[in-house]
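Subject: Structure handover

Hello,

Here is the structure for you to look over. My notes follow below it.

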Amino acid sequence: MDWSITMNRTRMEHARMHAKHKGHEAMHAEMVLILIVTLVVAQLVLVQWKQRHPKSYNLVTLFQMWVVPLYFTTKLHWWRFLTTWFIFSVITAYISFRATRKPLACTTPRLVYKWFLLLYKISYATGIVGYTVVMFTLFGINLIFRIKPEDAMDFGVSLLFYGLYYGVLGRDFAEMCADFMASTIGYYSASGMPTKHLSDNICAVCGQPILVDVSEEGIIENTYRLSCNHVFHEFCIRGWCIVGKKQMCPYCKEKVDLKRMFSNPWERPHVMYGQLLDWLRYLVAWQPVIIGFVQGINYVLGLE
């Protein structure tokens, strides 16, 4: 008798569950369709925005790159990330403040490029170490050192996240500072001819004299000549191209041959890494916003 009552109760609960979830297959299909359409439309809008108004697009993307991870990590109480984010923000805010001053101090360009180049190298090394740890964990090498797979994977993924995030954010701030400094000096303008005439012994990136000839070996730094015959401090033009993401001459806008500039095979991965960071910017800055927008649509339409 008890068994019969239990079976009847189970059948009734099963029937209620089916009644409750009836039609959910169509609802899930509708939600997937909304997601796909929103992703396609958002991608088209972002591409058009970037092409028509690149300055506003870059500023909004930079702001989201800076704020969106802060929201999630604060919510999850990731204090280690919040500490590094605060240190990065304070130093970068000071560097950016120096880069936007008029008149520009003669020591500011070197200070800016040194900081962002250092940040770039640290993020690059951190990302490589994180990726290596993840791969070693997948192959079980962590067991040799008696490290739990979950601990090793968490460590590797965390390093990979730090490297990619600060790599993207640092390059965006560096590009903004590079534009400000070059336009302040007057040898570079985003949409027109330079506002000053470039002398043969002046670097168009930092505006300081070039003391070492192209054919000479410098003690601290060498001089580099582009294919357009304009010369720069080697440190400045490398910072302009790698850190500032500029692939054109700061003075005449002729395209820079990066393969010729970085003939050393050990330097080419840095260029490839910079391209990887550009691809990841969409995932970090805009993907959470798009997903939130999709969830808002589903909520308005009553989809669960």
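Leaving out neighbours within four places in sequence, Thr-126 is in contact (heavy atoms within 4.5 Å) with Leu-159, Tyr-162 and Gly-163. Thr-126 sits in helix H5. Helices (H or I, at least four residues) and strands (E, at least two) are DSSP runs, numbered from the N terminus.

Some ground rules. This is a predicted model: local features need pLDDT of at least 70, side-chain atom pairs count only at pLDDT 80 or more, and totals for chains, interfaces and linings use all residues. Residues are numbered from 1 along each chain as its sequence is written, and side-chain values use heavy atoms, without hydrogens and water.

Next, the core. The largest nonpolar core holds 45 residues. Such a core is a set of buried Ala, Val, Leu, Ile, Met, Phe, Trp, Tyr and Cys residues joined through side-chain atoms within 4.5 Å. Buried means under 20% relative accessible area (1.4 Å probe, protein chains only). Phe-116, Leu-226 and Phe-232 have the most contacts inside this core. Elements that each supply at least two residues include H3, helix H5 and strand E2 (231-233). H6 gives the most, with 10 residues.

Then H3. Helix H3 (residues 54-75) has 22 residues. Its buried residues include Tyr-57, Leu-62, Met-65 and Val-68. His-77 follows H3 and has a positive phi, near 60 degrees.

Best wishes

Definitions and conventions:
The expected span of a helix is 1.5 Å times one less than its number of residues. Buried means under 20% relative accessible area, exposed over 50%, partly exposed in between (1.4 Å probe, protein chains only).
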